Amino acid sequence: MTLLAVLRGRSLTSELTALWQGYPSFSVQDRGAIQDLAYGACRWLGTLRALLGALVERPFKDAPVEALLLIALYQLGWTRAAAHAVVDSAVTCCAGLGFGSAKGLVNGVLRTFLREREQRLARARASDIGRFSYPQWWIDRVRLAWPQAYADVLDAGNAHPPLTLRVNRRRCSLADYRSRLDAAGIEHLPLAGDALRIARPMPVQRLPGFDEGLVSVQDWGAQFAAPLLDLRPRLRVLDACAAPGGKSAHILESEAVELLALDRDPLRLRRVQENLDRLRLSAMLVAADAADLQSWWDGRSFDRILLDAPCSASGVVRRHPDIKWLRRDQDIAQLATEQTRLLQALWQTLAPGGKLLFVTCSVFPEETHAQITAFLHTQEDAEHLPLRDFPQAGGQLLPDEEHDGFFYALLEKRPQPRHGAKSDA
Ligand SMILES: C[S@@+](CC[C@H](N)C(=O)[O-])C[C@H]1O[C@@H](n2cnc3c(N)ncnc32)[C@H](O)[C@@H]1O
């Protein structure tokens, strides 16, 4: 039913949260198994649909039967579940859902797949959607933007994401935390800065010192924001789209700044507070539309602004595989417009000589380079600075086994407009 809800346009995270609330007796193992199935089926939905489309003669009348078959095919094609148990339970579930008349169809489809598994998979993978498991518009956009690397980018979006930690340097050194991991027998790899990758993902509560705030889970790609802001004690810093607070916390762990954490979603802002409490950090939190300056700004300018803008999340799709099916092609232009609105409004709150770091977890140029090029074209007093100690020239991190996909652009507000720049007027 969770997959069916996603097929009908609901978010996987909120569906799973509702499921856990509805069935509090589920054990950690039950939850893990359900989550693996739901994530796996979303991740491979394009291939699963191509497979199923070739296994049935007519489109499905009953969406629950279709969802059941997609899940069962996922189990048969991508997991080590015992084949007979998958087929039996799919047939039983079919009757349980009130679609007893489809039992024969379900049984027949799954048994045909099992008999012809390799040919069926190869045939399904012959099309773009079957091969990459994204909507065609998404594949086309990535191919156009990254003609050499598009297959790697799309494949990385289907991989299992790494579990990366950020050590809270206010509470513990990297070396001390590594000793704790060694003592607990947890294999890990230091990356750079405050980042460590755990070799085999595990529930965060099993990490030493997690509840006491010694570490947080944060992708390595997200851990570039705080160092790039060039923080110094007592600077006035704005995190304009702060929830759930990963980058806010890293800023506060890095330097004793005065931080205002803003987010338009009051519920998500509560998670910022919870995260800061766990890490024993503090900031001023305000729920507001960051672009609506009148509603929250007191007129005192900021030395640093982090704009981690709402975006397609195309760089983190492996963590949210439902996104690729929920987004529509036309959403990208709308998101880019919203990013422009935020950039233009927040620029007014930046002090001369101050720096604004624009971040998106996107691989689509409208939300990355093109956004910044357009902004620089209209904003006379903005200078695009090089990124120090950043692994990729140009600011785009493409997703790979070490980090998710992110884009960074650091802009400085010049005291005087630069000569020869075009005006907005
Ligand atoms: C990419 S997430 C931020 C992640 C966060 N910086 C972190 O590292 O944990 C984008 C956030 O922007 C918020 N948001 C979207 N539009 C906004 C607006 N106009 N003003 C303020 N916040 C906004 C969303 O509620 C969401 O929490």
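First, some ground rules: the model is predicted, with local features needing pLDDT of at least 70, side-chain atom pairs counting only at pLDDT 80 or more, and totals for chains, interfaces and linings using all residues. Residues are numbered from 1 along each chain as its sequence is written.

**The whole chain**

The protein chain has 19 helices and 12 strands; these are DSSP runs, helices being H or I of at least four residues and strands E of at least two, numbered from the N terminus. Its radius of gyration is 24 Å, close to the 22 Å that the globule rule gives for 425 residues, so the protein chain is as compact as a globular protein of that length. That radius is taken over C-alpha atoms, and the rule is 2.2 Å times the number of residues to the power 0.38. Of the 425 residues, 40% count as buried, meaning 20 or more other C-beta atoms, placed from the backbone, lie within 10 Å of a residue's own.

**Strand β8 and its partners**

Strand β8 (residues 302-308) is mostly covered, with 7 of its 7 residues buried. It pairs with two strands, as the table shows; pairing takes at least two DSSP bridges.

| Partner of β8 | Sense | Bridges | Facing residues |
|---|---|---|---|
| β5 (residues 236-239) | parallel | 3 | D239 and L306 |
| β9 (residues 350-360) | parallel | 6 | K355 and R304 |

**Around the ligand**

The ligand is surrounded by 20 residues, and C241, G246, K247, A290 and D308 are the closest; a residue counts if its C-beta atom, placed from the backbone, lies within 6 Å. Elements giving two or more residues to this shell are α14 (246-254) and β6 (258-263).

Terms used. Buried ≥ 20, exposed ≤ 12 C-beta atoms within 10 Å, placed from the backbone.
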